[in-house]
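Here is a short briefing on one protein model. Look through the sequence and the structure first, then read the points below.

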Amino acid sequence: MKFIVSSTYLLKQLQVLGGVINSSNTLPILDNFLFDIDHTKLTVSASDLETTMSSVLDIESDSKGSVAIPARLLLDTLKTFPEQPLTFVIEDNNTVEISSNHGKYALAYADGNEFPKAVALEDPSSTTIAGNILATAISKTIFAAGNDDLRPVMSGVFFQFSTDNLTFVATDAHKLVKYTREDVSASQVAEFIMPKKPLTLLKGILATSDEEVTIEYNDSNAKFTFENTVLICRLIDGKYPNYEAVIPKENPNKLSIDRTQFLNSVKRVSIFSNKTTHQIRLKIAGAELNISAEDIDYSNKAEERLTCDYQGDDMQIGFNSRFLTEMLNNLNASDVQLEMSMPNRAGILTPIDGLDEGEHVTMLVMPVMLNG
């Protein structure tokens, strides 16, 4: 069996697929890429059992067959080549010989049949969405998902599809992000929880792509198909918490402010905050916002005053500065609005501008109790 392929073209595809492979695998076969050759088409797959991703490449060949080639070794070798055709010859003595313009390299392969087969989705529903819209939805929400193994449902992003819109939600119980697109819809109502790892992979590949992505899903798996790539992953099992119930509806106190100014102020003041609570205090009266922090143990403190547009009663509220910083960093608006009701109820952060038609972002941040 032999085939010829461009070195940079192969490397580009393998680097994407390499993101699926774990650094330590229980099954040694998962340290390999599966190469499935079918005449002029080569399908390369990588898997960690939960997520399987494969890409189809064009090659020169008249062979058929499959082999598993060590991923790390192959990637490290390909990275060193300038653009050139490489000839892969699969020998019967369990080695693959790669010939370049300047040399020959032999590596051991495993039988392709040992590689775990990707799941076939039984009777899936499907939705189509532009790649860059999906990438935006992921990057706007994934940072708010939790890392708690005891609450796996919160460690992923909740996809909620309806005939009117698509909604994506992530929360770790301290912060919550709800991202809605009204310019895209599904043919029927569906909801499922996607794990972080496949979403991070998709976000990286689709960020600059306006290719259509077909999402197929059933109760246990989801499949994303675009261009020459397919990603199949197991969904997180469980019921997502009722997030609508925690979003406060009545928020009479509304603060509008320049996002960059607010973000930089929070970042600076938080340097002086307590290193375990990261607590900062917002004190709002009239058109003035006072941001302060204090670390009593070290006698460090800071305070800044900003002008803002504020409607509501004078109030003081405490937030964890890390959550506030993350949220402000994830909005690309010039101005943002922070809506509040009471110092012990969640604040709601929304962008005032910078959104596409039909795009809505709601971010919710839980307050921290102010001492004194």
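Is Ser 265 buried or exposed? Ser 265 is buried, because its relative accessibility is 0% and the cut-off for buried is under 20%. Keep in mind that this is a predicted model.

**Ser 265 and its surroundings**
- Ser 265 sits in helix H5, which covers residues 259-270.
- Leaving aside residues up to four places away in sequence, Ser 265 touches Ile 291, Glu 304 and Leu 306.

**Helices H1 and H2**
- Two packed helices are described by the angle between their axes and the distance between the axes.
- Helix H1 spans residues 7-18, and helix H2 spans residues 71-78.
- Their axes lie 10 Å apart, at an angle of about 135°.
- H1 and H2 are therefore oblique to each other.
- Their crossing is left-handed.
- From H1, the residues in contact are Ser 7, Leu 10, Leu 11, Leu 14 and Gln 15.
- They meet Leu 74, Leu 75 and Leu 78 of H2.
- Sorted by class, this contact has six nonpolar residues, two polar ones and no charged ones.

**Nonpolar cores**
- In soluble globular proteins, nonpolar side chains tend to be buried together.
- The largest nonpolar core here has 100 residues.
- Phe 33, Phe 35, Phe 224 and Phe 262 have the most contacts inside that core.
- Helix H3, residues 131-141, gives this core its largest share, five residues.
- A second, separate core has 13 residues, among them Val 153, Phe 158, Val 169 and Ile 348.

Conventions: Residues are numbered from 1 along each chain as its sequence is written. This is a predicted model: local features need pLDDT of at least 70, side-chain atom pairs count only at pLDDT 80 or more; totals for chains, interfaces and linings use all residues. Side-chain values use heavy atoms; hydrogens and water are left out. Helices (H or I, at least four residues) and strands (E, at least two) are DSSP runs, numbered from the N terminus. Buried means under 20% relative accessible area, exposed over 50%, partly exposed in between (1.4 Å probe, protein chains only). Contact means heavy atoms within 4.5 Å. Axes are lines fitted to C-alpha atoms, for helices over the stretch in contact, and angles run from 0 to 180 degrees between N-to-C directions. Angles under 35 degrees count as roughly parallel, over 145 as roughly antiparallel, 65 to 115 as roughly perpendicular and the rest as oblique. A crossing is left-handed if the near helix is turned anticlockwise from the far one by less than a right angle, and right-handed if clockwise. Ala, Val, Leu, Ile, Met, Phe, Trp, Tyr, Cys and Pro count as nonpolar, Asp, Glu, Lys and Arg as charged, and the others, Gly among them, as polar. A nonpolar core is a set of buried Ala, Val, Leu, Ile, Met, Phe, Trp, Tyr and Cys residues joined through side-chain atoms within 4.5 Å.
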